[in-house]
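Hi,

Here is the structure I said I'd pass along.

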Amino acid sequence: MSTLLEDLTARGLIHDSTPGLPERLAQGPLVGYVGFDPTADSLHVGHLLAVMALAWLQRSGGTPIVLVGGGTGMVGDPSGKRTERPVLSVEEIDRNVAAIRAQLERFVSFEGANGARVRNNADWLRPLGLMTFLRDVGKHFTVNYMLGKDSVKQRMEAGISFTEFSYQLIQAYDFWHLWKTERCELQMGGSDQWGNITAGAELVSRKDGASVHGLTFPLLTTAAGTKFGKSEGGAVWLDPARTSPYKFFQFWLNTDDRDVERLLRFFTFLPLEEISALLAEQARDPGKRPAQRRLAEDVTARVHGAAAVRSVVEASRLLFGGTELRAAGAEVLRVLSAELPVVRLARGELDGLSVLDALVRAGLATSKGDARRGIQGKGFLVNGEVIAAPERSLGTADLLHGEFVMLQKGKRNHAMLVVG
């Protein structure tokens, strides 16, 4: 069996690691953890690199610990931040912790000998007294050592509160606690976490004389130079209530050709040979985007399930002319109703509704005159069929699955009537 380091190195996922880690991994699997900050009630795709690292750890025989920062979330990590984040209430943090835990359960198994464990550092940080913390942790670090960390240096000119300045010691205490109680020997995180991770290894060494390790992966930016995980609407979330499965799928499908190989290596478990074959296929016919399609299908299936992938793929085909509308399933039309402009009608409003009025109400025409001219030019469709005459009206026979009517202007502009 390959080691964690070999797996991650082959896929370009290693930014840095502590000395001695290859030798320790050669001795056998270990327990490792990644921390997640509960400042929102959902993870976003920017967190997925850390989640994948935990999954690779488990695949290599190790035991992953998901550490949710219910305690550290009350302080805030200054790493990569220019300003201090707002402090959340205990109740807000606890709600977010519960939501994040449910999402992480989709990525790692909680069964078996090396089943994943979820820990909340609120369990040991909230009861910890200040005097105890200063005695057991603070005495092991000099101020000069703490000032030398990049996360602190970058904030010194703008100003950093004592609360955030002390964050590295709190995270170091987490590592020590997990070492002491769970024999956790590895902490993983983004490259901006290197200072916090090495502070934890230092604390374990000074308190217990033991060697533990750190591993970081690269911070992702796109070939265009933007931060990975952002779309025009902001962050791309794992929670379908924040980012729909359709938009989630489209985010991955729209990956730049220059980024797709790296994202396939980072965010899927596809063998490297299969990724190479996909890229060779793409080079032969770039317009079909097989690499992006496989990436979108794989990641969306893991986050939202295979059924969601089938629905969003079918929905995309409907919009771009690949599928007959009347053959579409109700679930596919529901997916589209969450993505397109929608006019909701009472059942009695549909019968006899003029298509001219419907097109105006749906925003596809600016006026009845505009709609009339478009119909005369064969530019408007109902349920995929060209509207033959402006005198046409709608009725129950136009309903798809007894609920939906699709309106269309040209090839790209769509709207739906949803009858309740």
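This is a predicted model: local features need pLDDT of at least 70, side-chain atom pairs count only at pLDDT 80 or more; totals for chains, interfaces and linings use all residues.

R373 and Q376 are exposed, and they sit on the face of α20 that is turned away from the helix's buried side. On the buried side of α20, which covers residues 368-376, you'll find A371, G374 and I375. Looking down the axis of α20, the buried residues fall within an arc of 100 degrees, so they line one face of the helix. What do they pack against? The buried residues of α20 have α19 (355-361) and β11 (380-382) as their packing partners. Just after α20 comes K378, with a positive phi of about 60 degrees.

The other spot I looked at is D239, in the loop that runs between β8 (234-235) and α12 (245-253). D239 is buried but has no salt bridge. R242 is the nearest side chain of opposite charge, and it is 4.8 Å away, while a salt bridge needs the atoms within 4 Å. What the side chain of D239 does reach is the backbone nitrogen of A241, at 2.9 Å. If you skip its neighbours within four places in sequence, D239 is in contact with S42, L43 and Q103.

As for the whole protein chain, it has 20 helices and 15 strands, and its C-alpha trace spans about 85 × 45 × 45 Å along the principal axes. Of its 420 residues, 52% are buried. The chain exposes about 19,300 Å², with carbon and sulfur atoms supplying 51% of that. Among contacts with a separation of 6 or more, 72% are between residues 24 or more positions apart.

Cheers

Terms used:
Residues are numbered from 1 along each chain as its sequence is written. Side-chain values use heavy atoms; hydrogens and water are left out. Helices (H or I, at least four residues) and strands (E, at least two) are DSSP runs, numbered from the N terminus. Buried means under 20% relative accessible area, exposed over 50%, partly exposed in between (1.4 Å probe, protein chains only). Lys and Arg count as positive and Asp and Glu as negative; His and the chain ends are not counted. A polar contact is a pair of N or O atoms within 3.5 Å; within protein, one must be able to donate a hydrogen and the other to accept it, and residues adjacent in sequence count only if both atoms are side-chain atoms. Contact means heavy atoms within 4.5 Å. The arc is that of the directions from the helix axis to the C-beta atoms. Accessible areas come from the Shrake-Rupley method with a 1.4 Å probe; for residues, only the protein chains shown count as cover.
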